[in-house]
Amino acid sequence: MENPEQRDQDKTLIWDPTQINATQENEKIIEWEDFGHELARLWSLTSALKEANEKKLNLQEKLQYFIQEHAAQVKTESLTRLNELEEMRQRLVARKVMMGNMSTRCKVATEDAKKQEKMLSAELRSWLVAGTSLSVARKRLQESNRTLNEKRGYIKLKNMQRKLRARQQYMISQVSLLYPVKSLVGPAQEEELESYPSSSRLGNSSVSKPINCGTLTILGLHLTMRPFTKMSFFTDKKEVQKSATALGYVAHAVSLIALYLQVPLRYPLRLGGSCSYVNDNVPPAGPTNLDLSWKTPLSATVKPVEFPLFLKGQDTTRAAYAIFLLSKDIEQLLNFIGEDSLGPRHLVANLKELLRCVQSSEFIDTS
């Protein structure tokens, strides 16, 4: 059934003169005998057109699928490339940071090298100066040896030694004037350090016999050991103070004599008047003493301990041991000049003997 709109359109076309002329020009007259062939040809053309349209649709679908797949692949590759670029950027940043750190370390190492170079150059200059001084001292020593090999040089050396001894004797005589040690003989004589123990930590267990030399005083003060061994609440405080002051005098006199004789004391003194101390280099306790190398210096392994030469606020045992160490210092000085000690109990007596021996004429004549 024809569409009314189609029929109206056909009527319009028929009545339009231009369209009628165009239609008449395009019209093809087909004979009845050829109508079947034309119809078949048109039908085959229609079928071919339909197949072409179907192939076109299939090709469009395949093309769309390929385009989508390619777009997804491109997107995936793009994301992969972006990730790789991000990793490369992070590596580049890390390399930059590492290069910055290396540059800073290089600058620090350069500055340290410059400082070490300056220090080494200074040490080298000091070594050169020391070498020059050593060569000069060696020449002087050779000249001195050459001079001493002669008889006149030996006599000159003996004279220099006598002058040195005389100078030491004069200086120590001034010490004896500064701290005079006198003996007061009376009916109530008191032995020095009478209650001091005869043995010590150093293994000196010799007991000296009492020497009847009267009551010895130093600068008018008598030293007694009774407060150091029988300290109680009823002990006379003045007697304790006088003993501490006398010990301070003895310590000062011993330090001056050791200085003038150029003898380093085995037990160094820390002077403080009536509050003086004696240092004892006590080795560290424990099995580490056996592992010490012979190259290790003594100062690195020994810790000095101070012992008081007074009783105020101190332990009596430590104070008594300090007096014993001071007596050992005097014994060291006596041995240095070739004399024997009277014993560790006779502190002031040993000091008096030391002063007497140094001020004698034999001290200057001793070679």
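The legends below describe close-up views of a predicted model.

**View 1. Packing of helix α6 against helix α8.** In this predicted model, helix α6, which spans residues 237–261, and helix α8, which spans residues 316–336, have axes that come within 11 Å and cross at roughly 30°. Because angles under 35 degrees count as roughly parallel, α6 is described as roughly parallel to α8. The crossing by which α6 passes α8 is left-handed.

**View 2. Residues in the contact between α6 and α8.** On the α6 side, the contact is made by L247, V250, A251, V254, I257, A258 and L261, while α8 contributes I323, L326, D329, I330, L333 and F336. Sorted by class, this contact of α6 with α8 comprises 12 nonpolar residues, no polar residues and 1 charged residue.

**View 3. The open sheet of strands β1, β2 and β3.** The 3 strands are arranged in the order β1-β2-β3 and form an open sheet with antiparallel pairing. Strands β1 (181–184) and β3 (221–222) are the edge strands, each of them pairing on one side only.

**View 4. Pairing of β1 with β2, and the helix packed on the sheet.** Strand β2, residues 215–218, pairs with β1 in the antiparallel sense over 4 bridges, and S183 stands opposite L216 in β2. Helix α9, residues 347–358, packs on the sheet, where this helix touches β1 and β2; the direction of α9 makes about 120° with that of β1.

Conventions. Residues are numbered from 1 along each chain as its sequence is written. This is a predicted model: local features need pLDDT of at least 70, side-chain atom pairs count only at pLDDT 80 or more; totals for chains, interfaces and linings use all residues. Side-chain values use heavy atoms; hydrogens and water are left out. Axes are lines fitted to C-alpha atoms, for helices over the stretch in contact, and angles run from 0 to 180 degrees between N-to-C directions. Helices (H or I, at least four residues) and strands (E, at least two) are DSSP runs, numbered from the N terminus. Angles under 35 degrees count as roughly parallel, over 145 as roughly antiparallel, 65 to 115 as roughly perpendicular and the rest as oblique. A crossing is left-handed if the near helix is turned anticlockwise from the far one by less than a right angle, and right-handed if clockwise. Contact means heavy atoms within 4.5 Å. Ala, Val, Leu, Ile, Met, Phe, Trp, Tyr, Cys and Pro count as nonpolar, Asp, Glu, Lys and Arg as charged, and the others, Gly among them, as polar. Two strands pair if DSSP finds at least two bridges between them.
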